[in-house]
Amino acid sequence: MSLQAKVVKRLVRLQFSGWSEGSIEEQRARHERSTRWNRLPADVHCKPVSADGVAAEWIEAPGADLGVILYLHGGAYALGSIDTYREFVARMARATSMVGLAINYRLAPEHPFPAALEDATAAYGWLLAQGVDPSRIIIAGDSAGGGLALAALVVLRDTGNPLPAGAVCLSPWTDLTLSGASIQSNADVDCILDADSLEVYAKLYAGEGDLASPLISPVFADLSDLPPLLIQVGTDEILLDDARRCAARARQMGVDVTLEIWDEMFHVFQLVALLPETKKAAGHITEFVSQNLGI
């Protein structure tokens, strides 16, 4: 782990101390403030759009001509927005020479499952209706958004829709029952997440649904016939086994899976632009995209 990452981990632990305290409205406001200093490069252009009724935004850097990244943000299904992820989606779009489409899927508890999943699949369907070739679409997401990306792929497959070229899942939350061994074994080293908070968010999202439902916890889903997956996760996060178990299950079902486990890294470390590990991870994402778009 780089010296920068060691320093950032300490700062992240301080920043996220008590992050789940207070009302949902207070948590959302705190989350929005946490990214207020992020700035877009002057050459990145953003355009709000309605993707079949889902609030969305095109995020485009120069040279974005290879396709579209449909990005599903993290935030435990209750927090997060286009605003908090705009800079990150812009970085990913620039690195891959693709246009980003970020969406504001509906959040729990006001809109429990399956609202977020319906919005994710609606946005994908809207892209197809706009004439975007599915072989030029990558679905990506982090944390809850990573799990949502997998659930969306399952729904798209089961409803007979053409699937995208691949999916990128960063520290995906795939098991809302919290049954992975790392939930406990990594409790002391995770500088962001804790089981008690995730249990609350899981129940808010599931509503009256079963936490073990395959579309709520895609680690239990039939993952056969999905497109290639790139999963990146850190060793120092409680969701490590969410990634490992999901990757293993997909492989058993014949899916082309690339699982990268980053030593000593924290939950969605890729959000921190200055880290050398982030730059290396972005390079791997670019390679994955290039390979699966057939470039």
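A residue is called buried when its relative accessible area is under 20%, exposed when over 50%, and partly exposed in between (1.4 Å probe, protein chains only). Tyrosine 205, with a relative accessible area of 1%, is therefore buried. The views below come from a predicted model, in which local features need pLDDT of at least 70, side-chain atom pairs count only at pLDDT 80 or more, and totals for chains, interfaces and linings use all residues. Residues are numbered from 1 along each chain as its sequence is written, and side-chain values use heavy atoms, with hydrogens and water left out.

**View 1. Tyrosine 77 and tyrosine 205 form a stacked aromatic pair.** Rings of Phe, Tyr and Trp (its six-membered ring) pair if their centres lie within 6.5 Å; planes under 30 degrees apart count as stacked, over 60 as edge-to-face and the rest as tilted. Here the distance is 3.7 Å centre to centre, with 5 degrees between the planes. Tyrosine 77 sits in the loop between β3 and α3 and tyrosine 205 in helix α7 (residues 195-206), so the pair ties together parts that are 128 residues apart in sequence. Helices (H or I, at least four residues) and strands (E, at least two) are DSSP runs, numbered from the N terminus. Tyrosine 77 is buried too, at a relative accessible area of 2%. Together, Tyr77, Phe113, Trp173 and Tyr205 make one aromatic cluster.

**View 2. Tyrosine 71 meets phenylalanine 88 edge-to-face.** The whole structure holds 7 aromatic pairs. In this one the ring centres are 5.7 Å apart and the planes stand at 75 degrees, so the pair is edge-to-face. Tyrosine 71 belongs to strand β3 (residues 68-72) and phenylalanine 88 to helix α3 (residues 82-96), 17 residues apart. Both tyrosine 71 and phenylalanine 88 are buried.

**View 3. Helix α4 meets helix α5.**

Terms used:
Contact means heavy atoms within 4.5 Å.
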